Amino acid sequence: MATPLAPRTAAPWSCHTHVAIAGDTLIGLGERYLAHPLEWPLLARLNHVGNPRRIPIGSPLCVPLERMRSAPRTVQVLDAVGDTSARPGDTLQAGQRLSTGGNGYITLQLADGSVMKVQSATEAVLQSSQAHEPAGILRTAWQLLRGRIESLVTRQPAAPPRFQIQTPQATLAVRGTEFRVTAQTDRTLAETLTGAVVVQQGPRQALVSAGQGTLADAPSGLTPPRPLPAPPDIARVPTLFERPLIRIALPPLAPGHGYHVQVADDADFRRVRAEVDSTEPLVRLADLPDGGYHWRVRLSDASGLAGADAVGQMQLKARPEPPIPTAPLSGAKQRTPAIAFSWAQHPRAHHYQLQVSRNEAFTDLVVDQTHLSEPQFSLSLPPDDYLWRLRTVASAATPGAPGTDPGPWGDAQRLAVRAPPASLPAPTVSDTALLFQPQGEPGQRFEFQLARDAAFHEILAEASAPASATPSPVSLPRPDEGGRLYVRYRAIDPDGYIGPHSSAQTIELPPCLRSGSGACVRSGNGQPLQTRP
């Protein structure tokens, strides 16, 4: 075990404490521990031993680590993702510098099994990695110039701490703990998740226990340890995402607080695929391939200190993307039973699937076309309110593999199918007008056209009736020439939807003989007199 040097000793040694046993001598201890055995008199002075050959059994003796025999140990690169200065399998020695870019992450393993994760946009230097084998001690020191390091340090049975990180503002020392340290331009943030960390700035020192954090900067010095934020609640975050842009809705934030989210291939977060900081509760992640991921989110307070992670798993199945609908438009209303569906062609499509349902859950299906080879399909639907959706089915994800790879469903599109316009009743014919009484729904208004030809190229008259609870009659002027005429109409719903024109209907109208005053001359039976051809 190890203890700090007793206060009566002036020399600033870090001590490994040896408990004397029968047969111990200072000469023998020098040969066992010291890099230069002949320096055994130093042990006598430090421990106030008068006779180097007679040491009381059970006496604690300080063996200074600075004089102890040691051997360098390399640091192993376990993983490296993105823009980094190291590659998996590399070994680091004292004096080597590590750097990561905005999407770079490096996972290291120290000689004692401790794991250190160098996060994105970080620069650090391995100052020393020494093993004091006689005492079973590994000492490692890092200099963090900028960025963030997350460490899980294997607990060593000896004190004081043997793992050290130095930043421009402070020094952190641990014996065995999980902690994070961030070096910014003008301050250092330390967050302890388990165990305890000693943070020192000049003569000031703070013991930061599990669940606490502290800040060190030049103007304010070292702040007292404070509680870290609790992990956010992610119970309502879905586990399946079906769009390339992942949107994660998190609990609302207090002013000045923020979220830090990471997505990784592995549960240990050694291979981080995406990372984002957000001051909003809606976090967006993009450019991830389909697959299963581990993700975590932590909450930071107004000072920037972040708490423990809430950890979850997610599945991304966004490809092949659903085709883009082109017709009918979402929210469309049609008064014809024949519905023409169409969509953009997907380059990976083996075929498409179309579903039409009466409910949003798509459990009340009226259409389920599973193998549509072309990007269009027509069918007839009875009047009702519907939702329809599409998905792309590609060939198997692995070339040569059997089967197909269905993508996610696209967003549901709304469609209202209404009955076509009612048949037009025969008009009431007067000397001057043709009077029509349309049959429609409350609140509809109607537009009529009268033409000489069935294609309505030669329109003789147009008229409309205002909307009302009961459809109002529509009057069209009676043409003098008479003959075969064509009439059609369309309804305009209260919501502004303009329905299609009805089929053209034929009216055989005899021509009228006009008097000098312009009125139709009637026969004795009351019928208008016809002109002779």
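**A hairpin and two strand neighbourhoods**

Glycine 113 has a positive phi near 95° in the hairpin of strand 7 and strand 8, with five residues sitting between those strands. Keep in mind that this is a predicted model, where local features need pLDDT of at least 70, side-chain atom pairs count only at pLDDT 80 or more, and totals for chains, interfaces and linings use all residues. Residues are numbered from 1 along each chain as its sequence is written, and side-chain values use heavy atoms, with hydrogens and water left out. Strands here are DSSP runs (E, at least two residues), numbered from the N terminus, and two of them pair if DSSP finds at least two bridges between them.

**Around strand 7**

- Strand 7 covers residues 105-109, and four of its five residues are buried, so the rest of the structure largely encloses it; buried means under 20% relative accessible area (1.4 Å probe, protein chains only).
- Strand 7 pairs antiparallel with strand 4 (residues 75-81) over five bridges, and tyrosine 105 is the bridge partner of valine 81 there.
- Strand 8 (residues 115-118) also runs antiparallel to strand 7, joined by four bridges, with threonine 107 opposite lysine 117 of strand 8.

- Five strands make up an open sheet in the order 20-26-25-22-23, and the pairing is mixed.
- Strand 20 (240-241) and strand 23 (272-278) are the edge strands, each pairing on one side only.
- Strand 22 (residues 258-264) pairs antiparallel with strand 25 (residues 291-300) over seven bridges, and alanine 264 stands opposite histidine 294 in strand 25.

Methods. Buried < 20%, exposed > 50% of the residue type's maximum accessible area, 1.4 Å probe, protein only.
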